[in-house]
Number of protein chains: 2
Amino acid sequence: MKILTDRELKEASLSQLNEYCEGLREEILRTVSRCGGHLSSNLGAVELTVALHRVFDFPRDKIVFDVGHQCYTHKLLSGRAEMFHTLRKRGGISGFPKREESEYDCYNTGHAGTAISAALGIAEARDLKGEDYNVIALIGDGAFNNGLVYEALNSVKILHSRVLIILNDNGMSISPTVGGMHEILEEVKTDGSDVRVFERFGLRYSGIADGNNMEEILGALESAKQMLKTGSVLLHVTTKKGCGYPFSENAPMETHGVSPAGAEKKEYSAALGEELVALAEKDERIVAVTAAMTDSLGLRPFFERFPGRGFDVGICEEHAAVLCASMAAEGLKPYYAIYSTFLQRAFDEIVLDVCAQKLPVTFCIDRAGVSGADGETHQGVFDLSFLAMIPNLTVAIPKDIGEFRAMLRKSADYPMPLAIRYPREGTEGPFSDIEIGKFEVLHSTMSDIVLLAAGERCLKIAEEVRLKALEKGWELSLVNARFLRPLDEELLLSLRQKYIFTLEDNALIGGLGDAVARFYRTRGAEKTIKNFGIADAFVPHGKPCELMREFGLDAEKILKAVEEIYARG
Amino acid sequence: MKILTDRELKEASLSQLNEYCEGLREEILRTVSRCGGHLSSNLGAVELTVALHRVFDFPRDKIVFDVGHQCYTHKLLSGRAEMFHTLRKRGGISGFPKREESEYDCYNTGHAGTAISAALGIAEARDLKGEDYNVIALIGDGAFNNGLVYEALNSVKILHSRVLIILNDNGMSISPTVGGMHEILEEVKTDGSDVRVFERFGLRYSGIADGNNMEEILGALESAKQMLKTGSVLLHVTTKKGCGYPFSENAPMETHGVSPAGAEKKEYSAALGEELVALAEKDERIVAVTAAMTDSLGLRPFFERFPGRGFDVGICEEHAAVLCASMAAEGLKPYYAIYSTFLQRAFDEIVLDVCAQKLPVTFCIDRAGVSGADGETHQGVFDLSFLAMIPNLTVAIPKDIGEFRAMLRKSADYPMPLAIRYPREGTEGPFSDIEIGKFEVLHSTMSDIVLLAAGERCLKIAEEVRLKALEKGWELSLVNARFLRPLDEELLLSLRQKYIFTLEDNALIGGLGDAVARFYRTRGAEKTIKNFGIADAFVPHGKPCELMREFGLDAEKILKAVEEIYARG
């Protein structure tokens, strides 16, 4: 499609703008249906973004997109239309704002709630440097629940720097938005009178505008821009998630994140839902907690079956962790399901609230390992490292969905903190009981080399290496290293092999490889240990299998290391 | 002093209660002046706590103390008066609530903002189990700034469980409370009309009571207890920090945390303030950020000299990190000073906002390592581990205050994220320039063993070991391993010694020892590596030197390991 220059955009008529939005919407739909991506949030923000580009002067003015699920139109308008077909592909443009990509992107996001803080920081820098431009934070009502927002609002009066906060209120995060702040916003929308809560924080409230109505949103932005000259402003905009695409309008949750057509595998999350329901039927202590991701994490069946025992607390990862710890302190058995990278937000609470108190909270950590097209902010490659150091915590890594089920069943009576980390998709596998802290020998040979692999994807790579080695006449042993904490010390000590290879889809620093090496070192065992895992780098967007190969989990490379040992004799 | 039984307390006259409070206050003063501890916050909460014990039935009713700086009176009233002289000593009672210590303590705290979440979780468990008791969160206005509070308030309507939140408003955190919420509270206090902001979150506001006036606070609690029968309540109480002790009333910041008489050493924080002021005189880009600890971190001189460039954002560790990242994105040079354990709160923001964006924020991490009498929640023994895995981050560990100054001066033009971690106290040491990523050889000998020690305290232990070994005729080499990231690879490769000992006052899992071992493993170097550091456990309260010895940094043990090697030949 033809992208208007900044000048053309500023001179276009209202009907031209509306037509333009339709074209942009089609472009987004076409690209997302092919590349996958965040659909409904982006569709909802087309008019708002076009209006922003008309009223403000980017990149001189700066805009921070909270989370970044609404930045596609901005990318199309800022010189990236020709690259847009490469969305979320390795080497192509990111699905999130990226400073490396364009001067129109001033701050990278991906996790919820950072935009207001970042806008305040940018505005403060502007003022200290004596410069003059507008700073805008665009944030959805879902992210508006996050504690960072409150911390930032609390700073508006401390910092004295003028920012425009645009609250894009579509009533949804990934799940429908919940909580007290949501109800305040709903009341403001229907009543309009009570906006003093924002004024107290130093923001002038600039009333409701329909963000999908070009004329209305242009007027609202012009007016907010005037108000911004003398102080910070909160512009409250309503939009319709999925706007303009009836299927998405009616199913905004299902079309929040869209996979490219044809991608269908079994998901671990479905097993989580099934197992938790079955466990909870027998055990009244079981409760489930999520930070606004009931469906993506597979908890819907649990929430429907036990509405009083499932808690969606909004995008509040820290609070969710404390809630679990305190419910466990009073005898309940909480399961906290969350994506790996989002759990980073609750690190302190895992350490102190859960583990220092030895409370039996089970963390169900989805999207662990390299998770693909969302890029740096969504790769779950640090979890083994930041969990490895925490005393009292057990860390499990199932080899397939069957073993995941076995771990969940074991967890119900496990009296200590437990973390189970798994990728999005996998294979079902047969169910067999497991023992906490015990590895599983999958192939035992008289060879000199044993592969210790953690998790389904690494075991698959290890099996590939084993079979290729076998073709060359080299036998390898293979062990399912399904616990990071505790390690199976007995099994490790019993291994006669001199060469230990570890495989993990986690950072090489601080994960399984380090733990195994540390164990042998402490025991003074004479082993040669080679670790394979993710390099010391942020992993960008791309296909998981390609990224794993590129960043360190390459079967060929491992095979070469095998070859070197056998060649040496 | 004589402690009243629960029954006596409930039957005492008003004048008896007032007299009782004076006795408790004296007991606290006496004990804190001997053992150290949190003085002014505890002095302010004496009447409030006595009144709570009179109106409610602990331990059947549950109270969560946010942070825990106000729990001394509660400890005295709940069977721990005879042990009170052991406050904060190894084996004695903790300065914070501890479930392990008493059934009157239902939830452990230490970091700000968790109490409302925890109270909600406890109340939810109560309701699900069909039990009936009162749940109270006692939180100060300083902690009330933390994002967790907003996340929890947002859940009051989601969870439907009744809790009593007592906001103990003394206008202070450690520094004076700041920000929008503080101004709302101030307005509520003077005006009283505008409390709808709390009602919106599902809390009935129960007006202002003077928490140091026994009659008034008793009435307020009785009334709140009645209201609690039908819904959640926010009781707003004002107290005077340091109340009843004129010196403390007039200097609440200086007497927030008190060291036992006689403890005086040079603090790293003083050097931070001096150096930052000197750097900022020459470099306009430099700004400093703190989460409510301007004085404890040594930033007061900077804030006074450059009032527009120092930011105290309240107890908002995450927001402070994003603020730093965004200011750096616009060309400023932010220094974020914070205690080691509190930095755990900003883990996700260090990873994504600062390091994934490669922004030149300098983290000045105080109270790193075993920090003593505050116990589990304040021991900075995980920072090297959770920083080690983060790509793009440089991690420095100065050997003394002189080297700390050198690192700070180096940091001003360092274009990447940098973390400098140091203990509270140390020795000045001469100033000499350093190079990023370069270790320093302190003693080079022809011996078979080299000690790699990180930070002042470990270098001191290493030197003790070296001298004792020398007495026995064994020479040891000693290296100041002042960077965890990057390691000094050149130096490590040049070491001829077969035995490498590492010393760090950090968890053994994931710190320097693992990094050095990983390096040699990757290079296939034939070294025998022995790591000394903190064991895989939460370190309780006690004296740092004792705790370090007990949890793994024991000169005798290290000497024994030396002896074994030399005895072996």
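Here is a walk through this predicted model, from its nonpolar core to the contact between chains A and B and then to one strand of chain A.

Let's start inside. The largest nonpolar core takes in 393 residues, and the ones with the most contacts within that core are Ala119(A) and Ala119(B). Take the chain B copy and look at what sits around it: leaving aside residues up to four places away in sequence, Ala119(B) touches Val64(B), Val135(B), Ile136(B), Ala137(B) and Val163(B).

Now for the place where the chains meet. Chain A puts 86 residues into the contact and chain B puts in 87 residues. On the chain A side, several helices each supply at least two residues, among them α6 (115-128), α8 (180-191), α14 (317-329) and α21 (512-523). The largest share of that side, 12 residues, belongs to α7(A). Sorted by class, the chain A side that touches chain B comes out as 42 nonpolar, 23 polar and 21 charged residues.

Finally, have a look at strand β12 of chain A, residues 362-366. The strand is mostly covered, with five of its five residues buried. That goes for both faces of β12(A): Thr362(A), Cys364(A) and Asp366(A) are buried on one side, and Phe363(A) and Ile365(A) are buried on the other.

What does β12(A) pair with? One partner is β11 of chain A (residues 333-339), in the parallel sense over five bridges, and here Tyr336(A) stands opposite Phe363(A). Another is β14 of chain A (residues 418-421), also in the parallel sense, over four bridges. In that pairing, Cys364(A) stands opposite Ile420(A) of β14(A).

Conventions
Residues numbered from 1 in each chain as written. Chains lettered and ligands numbered in written order. Predicted model: local features only at pLDDT ≥ 70, side-chain atom pairs only at ≥ 80, totals over all residues. Core = buried A, V, L, I, M, F, W, Y, C linked by C-beta atoms within 7 Å. Buried ≥ 20, exposed ≤ 12 C-beta atoms within 10 Å, placed from the backbone. Contact = placed C-beta atoms within 7 Å. Nonpolar A, V, L, I, M, F, W, Y, C, P; charged D, E, K, R; others polar. Pairing = 2+ DSSP bridges.
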